[in-house]
Every structure is written in C-alpha cells, then in structure tokens.
Amino acid sequence: MQNLKENLIQLNSVEVNFDGFKAVNEFNFGVKAGELRCLIGPNGAGKTTVLDIICGKTKSSKGNIIFNGEDITNKEEFLISRKGVGRKFQIPSVFKELTVKENLYVALNSSLGFFNNIIKFFNSTDQEKINNIAELVGLKNDLKKQAQFLSHGQTQWLEIALVVLKDPALILMDEPTAGMTNYETSQTVELFSKLKETHTLIVVEHDMGFVKEIGDIVSVMHEGKLLAEGKIKEIENDAKVKEAYLGNKGITNA
Amino acid sequence: MMKINIIKNQFFLYGVFCFVLFLFPLFIDDPFYLNKTSTYIIFGLLAVSLSLSWGYTGILNLGNAVFFGLGSYCMAMSLKLKTDSIHTGSGGLPDFMVWNNIKELPWFWEPFYSLSFGIFAGIAIPVILAIILGYFIFGGRAAGVYVAIITLASMIVVYLLIMDQQAYTGGFNGITDLSSLKVGNLEFDAYGPSAYYLVVSVMTLVLFLTLIITKSRAGLIFQAIRDDENRVRFLGYNVGVYKTASLCISAGIGGVAGMLYTIVMEFASPTFMSITLSLSVVIWCAVGGRQSIFGSFIGALIITSGQGSLSESETFLHTWTLIMGFIFILTVLFLPKGLVGIFAKKIK
Amino acid sequence: MDFFISQFISGLSITSILLMIALGLAIIYGTTGVINMAHGEFVMIGAYTSWFLQIKLGMGLIASIIPIFLITAAMGFLIERLIIRHLYNRLLDTILATWGIGVILQQFIRLSVGSELKYLEIPPYMAESMSLFGQQVSIYRAFIFLFAITIFILAWFIIFKTKFGMKLRAVTQNKDIASCFGVNSGAVYSATFAFGTGIAALAGAFIAPLKSISPDMGTNYIIDAFMVVVLGGVESLIGTAASSFIIGETSSFIASFSNDTLAKALVLVITILILRIKPQGLFTRKIRS
C-alpha cells in the first residue's frame, strides 16, 4: 500500500449515486506524482465516473478528494482545472468551428480573466508556442484547418495538445486511443512517454496492448469499486481480475 | 501572412463601407429618406448586438430587444425633460404624468435632467440588466432552451412593468413629444443630415470596436464557448463570467442603438422591447449570417430597407412578414450560416 | 376564509387552462425534444376554428371538439413531416423554425380572416353560475376544469397504459435503439406532435369565449406554457400538472392584491428565481450524463 500522504492525488471513500445506482462505491484510490497509472475494467465499472469526480464534472456524495495536499472535493471544474488538473474526454471535445491554431491559442497557458483577454491579441510569441506544441502532436501542417475537418486521430491529438498546453500537474485521459489506427496508437505511446517525465497521468483504457507498453501500475475497477492494483504482471495473474474482466488468456486478450 | 491580409482586409472592408455611408447625404437630400436610412442603420447595430451574443457566444437571447428598449427610454426621458413648456404641462412635468395626477417628478426621473446622465444610463441600465440576467442564467448553468425562454421572459417582465406603471412611463403610448437632441451648439434634427451623420458616426465606432473585440483573445474564447463550453471550463476559464461579459457588451450596443432610435424617431414606446422586434432581430441575424458581425448588419439592412422601401400599406406589411417567416424557416433548414455562408468563407 | 376559497377556485380555473396548453407542449418537448414556439399559435388556430365552426357552420361547442382536434392535429402532422423532421439532429434550431411557423400561422390568419377581434359566446347552457363551497362559480369554467383533468388523465393513460404509449416512452429514452426494435420512431414523433398541437387547439377553443379572439392571442400563452414546462421538469407529466397548479394559484393570489399585469410579471420573476436554484425543474430525476 502506498503512503497516502505522498500521493499527488488521493480519493477517499468517494461515492457517486445515480438515482439509486452506485456508479462509484466506497472507492479509495491514490496516485503518486510522476506515475502513469492505467485505470482499467469492464464497461460500466465506473472508470469514467472516477475521472469525472476528480476534475469536478460529477459530484461525489461521500468522501473526499485531496490533490497536492488540498481538498478539491466537489469544487467547480474551472477552479480544479486551475489547480493543475487537465482532462481529456472519451468523445474528443475540441472547438469544431475554430482552426487548429485558434484552438491552441485558446488553450495557451496564459491569463484566464476576461478583462485581461479582451485586450490581448495574437502575437509572435504565441505563434512560436503554438508551433512547438503542434509539432509535438503532429499537427504542424494543419494549423489553418478547421478542427471539424481533422481525422479522428488528429482530433484526439488536438485535444491532448489543448490539455497539455495548460501544463497541468495531473492529466486525466479517457480512452485516448479509441478509434485510432495502429500507427496513431504508436505515436500516442511516444507522446505519453515524453509526457510521463514531467507530468502525472491517469489513463482509462481498454486497449491492453497500449496499457502494457506505457503503464507502470494498473488499477482495476469493477462495479464501482477497486478490484485490484499492482504491476501488470501481478494483475494479469490475479484470479479476481481474470474472473471479472480478462478471461483466462492473459492481458493481451482482454 | 495570409491571416494578416485577411484581418487587414476586414478593417479595410469596414472602412470602405462606413465611408460610403458617410457620403450618402451628398446624393440623397430627401429628409424623410435620410431619416428612414438612419433607422435601417440602427437596426443593423441591433443585429450586431445579437450577433455577438448569439453568433459568437452561442447565447440565444430571445429578449434582445429589451436592451434596445431600455436605451431608448433613457434617451427619451432626458429629451422629455428638455422639451419646452407647451408639451410638458404644469411645473415642467411630462404631460402623461400630469394626466395621471402625479404632483411631482419621481425620484428616478430626476437624474435624467442631465443629458450626460441620460446617455450614461442608456448604456449602464441595459448592462446592469445583463449582469443580473447573467448571474441568474449562467450562474445556474442553464442549457440552451432555458436561456432562450428566460431571456424572453425577462424582456416580457420589463415590458409588463412599463405598461403597468403608465403614470411614470407613459404606458402603452410611450414617451412622445420630445425635444431634439442638443449637444453644446449642435442640434440634431431628426429629419436632417445632422442626425444621420450622428448615426453613421456612432455606427462606425461600434462596428470597429466590435470587430476589435472579436479579434481579441476574449472574442476567440466566446466562440470556443459556443463550440464546446465544457471544454473551455476544463481549460480553467470561468465560463459564466465570459458569457455574462458577452451579454453585457451586447446590452451596451443594444442600448446605444436604442438611444439613437429615440433621437431619430422622436419618441420611445414599449413596442421597442416587444417580442415582434426581438424575433425580427433573430431573423436578420439568421438570414445575414449570425456568426458574422458584418453579415448580421447587412442582413438587417437589407431586410429593413426592403420592407421600408416597398410599401407602407398594412396588407403589404402582413404579406411581407409572412414571406419573411418562410425565408426564415428556409434559412434555418438549409442555410444555417445565412447569406454569409454562401458568399464568403472568411469575412467576419 | 371566503376570500381564500374564491382565490383558490379562481386559481384552479387558471390552472386548468395552463394545464391544457402546457400539456401538449410538455408531451412534444419531453418525447421529441422539439421546442414548439408555435404552440401559442396552435391555441389561436383552435380558437379561430371554433369560431368558424360555430359562427359560420352553426355547430355547437361540444360538437366541434372532435373536428377542431382532428383539423389541428392534421396541420401539426403535416408541419412535423415537412419541417420539424429535418431538425432532430439540431434541436435548438427547432426554436427558430417553429417560431417561423408561428409567424406564418399568425399572418395567414390576418390575411385571410382579418385582424379585428372576434367574439364567441359561452354556450347558453353553461353561461350561468352555480354555488360551490359558498362561492358563485361559473359553470363554464368548472366545465373547462373538468375537461382539462379528463384530457390529462387521457394523456396519462395513453402514455403509460397503452402499447402506443410504451413505444412513445421507448422512443423518448432512446430513439435509435427503439428503432432497432422495430418501433417506427418517425411515426411516433409525428403522432406525438399532432396530439400535442391538437390538445393546444382544444385549449384555444375553450378559452375563446372567455376573452376575445385575435391573431396574436397565442403569444400571451406561449411564455406561460413554457414556464410551466421548464418549472415542472421535462420528464414528468405530474410535474406539468403540479407546476400548472403552482403557477395558476400564485397568479391568482398575486392578482388579488394588485392587477393581472403585475401578477404576470411577478410570476415570471419567481419562476426565474426558482430555476436558478433548480435548473432542471422541480420534478426531475438525476440521470447519468
């Protein structure tokens, strides 16, 4: 068991109740700074809801969430975001009518207040920062394209870029490789390896090949609770996990 | 480089457009026609106001005329208090107050003796209303439908209050018999080129200011909110504040347009904040292209000038409205970006 | 005590009218997500149809109920098929399109029948008042109240107790999956829209003798109807009934101290305030988004 006090983010006994159905139930979960934690489990296990609670999209009816020593339980999303939590959604959410460059400009890590931004105009420093991040996610040549015309994989990367631009200490990723080709997935692995050095990531995933390549520790959820937690090898051989989720053929067959 | 050209092009386009409008009185000297043209331009500004909140930020303000109406009443109150004694009845009181047996000027009318206050109020009061609305609607995280209904309801509340308190507001007749606007030595005669130049000058100022706002980072954030407000939230922005700000700017522009309208029409009436007007503004923006300031302005200009120049007969007006209804539905179904969508990809 | 009873009964009358108008709107919005801004105009069409059938064709009010319903439902059906159907993937635009439809309906009436006010009389056999709990109550208003309750029960019955109703509930919750199970979602949507507009027309037919008939009479009712629907919460028929009651009684109560105009303004303000606290309305359940 990890020392709870060392964790960058710690969830204690959180619960989410949808009209009687407990999507998340007495859930305890913690991640150390610098980790890349994968959160896996069958559909409906509550994984996305856990991410929702951390970033403030859903409120927890019990327990608390401590981030970086601070209690962020049920605070408003934008406040939690300002404390250093970034969220990438399952269905890629970018600004469809804006160009890639405009999308990135909105996400640049600078002032957030209205009065600051009403007198701020695009300049060359901004262009440089945007070029850098576009390079990182492979969208250097698409800056003038409207986001709605990007391919699915490119949209995912754009969203990742938006999240990363804010330089959050904790990044929550919800099925980042969903719908991606093998090539795109391998690019994403590279990207995550780079991110891992300076950020903490929690990744919800179904693609076990991907999990094996990037993950340190894996947490398995089932029916709203934490079923098992440990290195991939341990999880693969865990009887409970096999029964609930992986079947008998190991992690790559999930 | 292309982007800079486009931006420069837009400023240039606006500049040319405003210049052309300034030249208008050189070719048209019929005062009645000049006056009508002023009203079309004012409606264009009203469309700009809705374009900012609806086209850019995604706030369907079905009660948009309330800002226009409030602005017009503020100007009317100041101008009423300057009217010479033939019109105001005993003791300098506005005529409708005398008719309603009011003995002295209500406290909230007093500050309007100062024209400067009247002008300030014409912007401030709509903006204050926008702040209140913003707090209630956006603070409560209301979704699209609710915003539309509640903004409409709010306008109706103001309308009902004005109609009800007729002793203080002139009720259904509005505030009539106004003096013309006098600033220093300048008198703006509603049927002369002076009022027209005033309108075009203000229009130029508003158009350029609005263009600059849309080019700022805040302007881009408005559009991002329209596209995906949750994403904006998760990037750390206080979306409620931005939406309220957008509504406030929209309110300010609406208020200015309302004040100009009172100057040009020489009265203020509750019809200036009616459902009919609000709906018309929505149609102008939808047809012109709500995501484009210029498109919305032109949409209003074309539709109102078309209506105004063809006929004044009642039957015609009803038929015109019927046709506009059809055009509106067709636009909603097939041309969501309005005329701008057909003509230009990038002119905003 | 007398005062309260008379206010209460007056409030019930307002409630029943609101309920009939809002019910159609709630059913349409709840099932299809369509925001029918022309709903007030369908009320108006009902009033004019009633006037036409009674004055021009000499039919009685009761006899004209079914024709009014059928004629308006047919119109609603056509409008849904021709226009609304294209907007199911962008529901917010239904506000705009239906508003356009409302304009067209209003103008059509103005150009064909004229804008002057028309009048209908309360059927003579209902024109008297009767004594109820020590108050004199208009028989006609009592009739409207009973009719509103009947329509409500009828709607509830159809939705919860019939096969069609089950299809409707399936389609409301998940249109695509329902289609996969063989439910003709398109037909359900059309029928729902037709039914909703039909009820609105009946409301108009009953309101007509109480005030006057004019092309813009619908505009007054649309805001009230929407307030009822958003306050009650979209998913719930009971919510619609309850919020009709709340708004009806509050209006009546406030109007007794001041006047109708102020009452209307205050009721709107109160509803806006309540929505600030409970944006989903008073009677909704929390669903996983």
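Visitor: What is the secondary structure of chain B?
Guide: Chain B has 15 helices and 2 strands. Keep in mind that this is a predicted model.

Visitor: How does the radius of gyration of chain B sit against the globule rule?
Guide: The radius of gyration of chain B is 20 Å, close to the 20 Å that the globule rule gives for 348 residues, so chain B is as compact as a globular protein of that length.

Visitor: And what box do the C-alpha atoms fill?
Guide: Along the principal axes, the box for chain B is roughly 65 × 50 × 40 Å.

Visitor: How much of chain B is buried?
Guide: Of its 348 residues, 52% are buried.

Visitor: Changing topic. How many residues of chain B are in contact with chain C?
Guide: There are 35 from chain B, in contact with 32 residues of chain C. On the chain B side, the elements giving two or more residues are α6 (115–139), α7 (144–164), α12 (275–288) and α14 (314–334).

Visitor: Which of them gives the largest share?
Guide: That is α7(B), with 15 residues.

Visitor: What classes of residue are on that side?
Guide: The side of chain B that touches chain C has 25 nonpolar, 8 polar and 2 charged residues.

Visitor: Back inside chain B. At what angle do α6(B) and α11(B) pack?
Guide: α6(B) packs with α11(B), residues 239–265, at about 150°, and their axes are 8 Å apart. Angles over 145 degrees count as roughly antiparallel, so α6(B) is roughly antiparallel to α11(B).

Visitor: Is that crossing left-handed or right-handed?
Guide: The crossing of α6(B) and α11(B) is right-handed. Their contact has 15 nonpolar, 9 polar and 1 charged residues.

Visitor: Now chain C. How do α1(C) and α5(C) cross?
Guide: The axes of α1(C), residues 2–32, and α5(C), residues 139–161, come within 8 Å and cross at roughly 30°. Angles under 35 degrees count as roughly parallel, so α1(C) is roughly parallel to α5(C). The crossing of these two helices is left-handed.

Visitor: Which residues make the contact?
Guide: From α1(C), they include C:Leu12, C:Ser16, C:Leu19 and C:Leu23. From α5(C), they include C:Arg141, C:Phe145, C:Ala148 and C:Phe152. By class, the contact of α1(C) with α5(C) has 12 nonpolar, 2 polar and 1 charged residues.

Definitions and conventions. Residues numbered from 1 in each chain as written. Chains lettered and ligands numbered in written order. Predicted model: local features only at pLDDT ≥ 70, side-chain atom pairs only at ≥ 80, totals over all residues. Contact = placed C-beta atoms within 7 Å. Helix = DSSP H or I, 4+ residues; strand = E, 2+ residues; numbered from the N terminus. Nonpolar A, V, L, I, M, F, W, Y, C, P; charged D, E, K, R; others polar. Axes fitted to C-alpha atoms, helices over the stretch in contact; angles between N-to-C directions. Parallel < 35°, antiparallel > 145°, perpendicular 65-115°, else oblique. Left-handed = near helix turned anticlockwise from the far one by under 90°. Rg over C-alpha atoms; globule rule 2.2 N^0.38 Å. Buried ≥ 20, exposed ≤ 12 C-beta atoms within 10 Å, placed from the backbone.
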